[in-house]
Amino acid sequence: MKTSEVFPSKYLKGADVASGMLPVSIKMIAMETMKDSEGVEQLKPVAYFEGGIKPMVLNMTNWNFLRDHYGDESDLWTGKTAALITVKVTAFGKTTDSLRFVNASKTAAQVNAELSALEVESPF
C-alpha cells in the first residue's frame, strides 16, 4: 500500500505527480486557514483546478510563477493553464518532493534542460 493511500491528503502533493507533467487549468485561487507545524493558524493561498484535480497550497515560488506569467491580480488567473512537475527540494535539512509550475507548452526535454542548468534533479 502506498503512503498516499494510507494517509490521503486533501491537497495535491509531490507524490501525486511523481512522474511526468500534470497539465492544469486554474479554476480559482482562495485564501484558506491552515495550521503551521507549531499549531498556529495562518492564511495560505490555495489553487483550485478544473477537472477534479486536488487543490494545491501555493508557496511563494509557485505564487511567483503564476504572478510572473499571468499578472499580479490572482482573480485574473482563472482559466489560465500551466503544468506541474515534481522536483526534489532540500529545506530545513530535509529533502522532499515539491511541486513546481512550468509552462504547459514545454516538453519534458525542455524542462530537463532548464532544471539541469539550475542543478535541480529532474523528475523525468
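## A guided tour of the model

From the N terminus on, the elements run α-β-β-β-α-β-β-α, which comes to 3 helices and 5 strands; helices (H or I, at least four residues) and strands (E, at least two) are DSSP runs, numbered from the N terminus. This is a predicted model, in which local features need pLDDT of at least 70 and side-chain atom pairs count only at pLDDT 80 or more, while totals for chains, interfaces and linings use all residues. Residues are numbered from 1 along each chain as its sequence is written, and side-chain values use heavy atoms, with hydrogens and water left out.

**Whole chain.** Display the surface first. The accessible surface comes to about 7800 Å², of which 54% belongs to carbon and sulfur atoms; areas come from the Shrake-Rupley method with a 1.4 Å probe, and for residues only the protein chains shown count as cover. Of the 124 residues, 30% count as buried (buried means under 20% relative accessible area, exposed over 50%, partly exposed in between; 1.4 Å probe, protein chains only).

**The core.** Select Leu12, Phe49, Met56, Leu58, Leu66, Leu84 and Phe101, which touch the most other members of the 16-residue largest nonpolar core. Such a core is a set of buried Ala, Val, Leu, Ile, Met, Phe, Trp, Tyr and Cys residues joined through side-chain atoms within 4.5 Å. Two or more residues each come from β1, β2 (41–49), α2 (60–70), β4 (81–91) and β5 (94–102), and β1 gives the largest share, 3 residues. Next, centre on Leu66: residues up to four places away in sequence aside, Leu66 touches Ile26, Leu58, Gly71, Trp77 and Phe101 (contact means heavy atoms within 4.5 Å).

**Salt bridges.** The structure holds 4 salt bridges, each a side-chain nitrogen of Lys or Arg within 4 Å of a carboxyl oxygen of Asp or Glu. Select Glu32 and Lys10, whose side chains meet at 4.0 Å, N to O. Glu32 lies in strand β1 and Lys10 in the loop between α1 and β1, 22 residues apart. Glu32 counts as buried because its relative accessibility is 15%, whereas Lys10, at 53%, is exposed.

Move to Lys54 and Asp16, where the closest N and O atoms of the salt bridge are 3.4 Å apart. Lys54 is in the loop between β2 and β3 (56–57), and Asp16 is in the loop between α1 and β1, 38 residues apart. Then select Lys88 and Asp97, a pair that meets at 2.8 Å, N to O.

**A surface patch.** Finally, select Met1, Val6 and Phe7, which make a nonpolar surface patch of about 410 Å². Phe7 sits in the loop between α1 (3–6) and β1 (22–35) and counts as exposed at 59% relative accessibility. Patches are made of residues with over 30% relative accessible area and no salt bridge, like charges being joined within 9 Å and nonpolar side chains (Val, Leu, Ile, Met, Phe, Trp, Tyr) within 5 Å.
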